[in-house]
Amino acid sequence: MEFLSSALTKTVLNAFGQTLYMVFWSALFSVILGFIPAVILTLTAPDGLKPQKVVYEVLSFIVNVFRSFPFIILLVIIIPFTRALVGKAIGTTASIVPLTVSAIPFIARVFESALRETNKGVVEAARSFGASDLQILLRVYVKESIPRMLNGVVLLIISLVGYSAMAGTVGGGGIGDIAIRYGYQQYRTDYLIICSVILIIFVQVIQMIGNKMYKKLS
Amino acid sequence: MIKIHELEKSFKDVSVLKGVSITIKDSEIYGIVGQSGAGKSTLLRCINGLESFESGYVEVDGTKVDVKDKVALKNLRRRMGMIFQGFNLLERLDVYDNIALPLKFWGIKTNTEESRKKILDLIELVGLSEKVHAKPRELSGGQKQRVAIARALVLDPEFLLCDEATSALDPEITKGILALLQKINKELGITIIVVTHQMEVVKQICNKVAFLSGGKVLAEGKPEEMFIQPRIPEIKAFLHDRSEILPDYGVNIQLFFTGEGSMEPIVTMMARELDEDFSICWAKIEDFRDELHGSLVINAKEEDEERICSFLDKKNVSWEVLK
């Protein structure tokens, strides 16, 4: 009990809450917003339902551009955008914006490859029964890819935990922030260790849940 | 009836179909046969518009297939079930839901008593009543193809297109699938078009075949006429059973027995009647849709060639002197 009420525990738990908050919302937004380009990429790809070379190449280029920014630089570049969206550029809520922006192209690529792994024979079979393109997209591509996309979301959450630690250093709070401010700058090794242990457990738990769900869904 | 006339198709610069014309009558089991790359699968896909073509036409019951007319194409596909070499089932759906899928594409409710009965009847027809809720990964290849067959039948098609449907299965399982196709043809009156490179498929079920090579139909007719006494080098190469070593002395004569003639003891009759000795080099009997057809090669002295041949002519046995 004494342990739970100690300053250390309080600070770390509070920070962990902030990490969860940032990761949850940025994961949710990026999954929703990343799904759209993923579908467009899948449809317009050379082996897709509606091959459109120009659309595919342009969108693909944009995704690559956003993916090539180091997160810490993207964070700074989009400050005006963040400010316009949430009113401020610093803080836990504000950091959801750069986290989401950096995660969208990532998850778009992950979803794209999950969708494009769909067996082309199954697509052809669906077409041979008279399915429309929309039906093939929803009932074949998306439905068959759900377990693979779930794997992608697990990957996303884990990398967002890492990015959120970086966001923390510029005022986002969270575990990463505590580890740097207390653990590194104030030489509090206990903070550093606790933070690391929490993150290790968190990642393990997410991966475990992900694996279980993958098995269940596939 | 499906009429294909002077069909031409190419992929980029490669010409795949070079003026193919065939006619498939109702209730037939029609085989499109040939080596890999002959254009068989492409031809099949032109029938239900999965592939487009440059010239010629495909006519189904008098209506031309037009890949640009989406509505007509969709309606045509409802009349044609299709099964594939790789089964192409949805991995995440169980047997029941896989079979129900085409109904969903057509906006037919699958939770009604009628739909349920139909799906369960089809599952029974293909012999998978024990596996209603199994996922494809729990099934063997033969069972997967049975699910695919049930799925292809769920929209009550008039035609069933089979693209190398048994090529991934072992011989015993293949027999079972072919028997099922034959049953479907007989009991449901569905016209079946099979694309295959396997002679056992042709022999077991086809009433009629087209032999395709290099994008052209080299021969069309009854399989026993085409394959027991093959006349075209491409068909001989396809059968590749001419590698037997024959004696290099005397004369080798091949006898062909088709239909009723195969039952007569021609060889011993000939030996007795001509009072000649000859040796039998090889013989084989083949079974085309449960009818026996065979061929036999004998080796005799050169001076006897004429007598033997006239005897065979008298008995209405076709023959060929092998050089």
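Helices and strands are DSSP runs, a helix having at least four residues and a strand at least two, and they are numbered from the N terminus. The views below show a predicted model.

**Figure 1. Chain A as a chain of helices.** Read along the sequence, chain A follows the pattern α-α-α-α-α-α-α-α-α-α. Its secondary structure amounts to 10 helices and 0 strands. Along the principal axes, the C-alpha atoms of chain A fill a box of roughly 70 × 40 × 25 Å. Of the 218 residues in chain A, 38% are buried. Among contacts in chain A with a separation of 6 or more, 68% join residues 24 or more positions apart.

Figure 2. Ala94(A) belongs to helix α6 of chain A, which spans residues 92-116. Ala94(A) counts as buried because 22 other C-beta atoms lie within 10 Å, where the cut-off is 20 or more. Leaving out residues up to four places away in sequence, Ala94(A) touches Thr82(A), Val86(A), Lys88(A) and Ala89(A). Gly171(A) is 77 residues from Ala94(A) in sequence, yet the two C-alpha atoms are 9.1 Å apart in space.

Figure 3. In soluble globular proteins, nonpolar side chains tend to be buried together. The largest nonpolar core of this model has 123 residues, and Ile99(B) and Ile193(B) have the most contacts inside it. Helix α6(A) gives the most to this core, with 14 residues. Ile193(B) is in contact with Ile24(B), Tyr30(B), Ile32(B), Leu44(B), Ile47(B), Phe159(B), Leu161(B) and Cys162(B), neighbours within four places in sequence being left aside. Another core, of 8 residues, lies apart from the largest one and includes Ile253(B), Leu255(B), Phe257(B) and Val317(B).

**Figure 4. Strand β9 of chain B and its partners.** Strand β9(B), residues 208-213, is largely enclosed by the rest of the structure, because 5 of its 6 residues are buried. Strand β3 of chain B, residues 29-33, pairs with β9(B) in the parallel sense over 4 bridges. Within this pairing, Gly31(B) has Val209(B) as its bridge partner in β9(B). Strand β10 of chain B, residues 216-221, runs antiparallel to β9(B) and is joined to it by 5 bridges. Here Ser213(B) stands opposite Lys216(B) of β10(B). The hairpin of β9(B) and β10(B) has 2 residues between the strands, and Gly214(B) takes a positive phi near 55° there.

**Figure 5. An open sheet of chain B.** Strands of a sheet pair through backbone hydrogen bonds, either parallel or antiparallel. This open sheet has 4 strands in the order β12-β13-β11-β14 (chain B), and its pairing is antiparallel. Strands β12 (279-288) and β14 (318-322) of chain B stand at the edges with a single partner strand each, so one side of each has no neighbour in the sheet. On average, neighbouring strands of the sheet are turned by 15° against each other, direction ignored. Strand β13 of chain B, residues 291-300, pairs with β12(B) in the antiparallel sense over 9 bridges. In that pair, Ser295(B) of β13(B) is the bridge partner of Lys284(B).

**Figure 6. The contact between chains A and B.** Chain B and chain A each give 17 residues to the contact. On the side of chain B that touches chain A, the elements giving two or more residues are α2 (70-78), β6 (80-84) and α3 (95-105) of chain B. By class, this side of chain B has 8 nonpolar, 3 polar and 6 charged residues.

Definitions and conventions:
Residues numbered from 1 in each chain as written. Chains lettered and ligands numbered in written order. Predicted model: local features only at pLDDT ≥ 70, side-chain atom pairs only at ≥ 80, totals over all residues. Pairing = 2+ DSSP bridges. Axes fitted to C-alpha atoms, helices over the stretch in contact; angles between N-to-C directions. Contact = placed C-beta atoms within 7 Å. Nonpolar A, V, L, I, M, F, W, Y, C, P; charged D, E, K, R; others polar. Buried ≥ 20, exposed ≤ 12 C-beta atoms within 10 Å, placed from the backbone. Core = buried A, V, L, I, M, F, W, Y, C linked by C-beta atoms within 7 Å.
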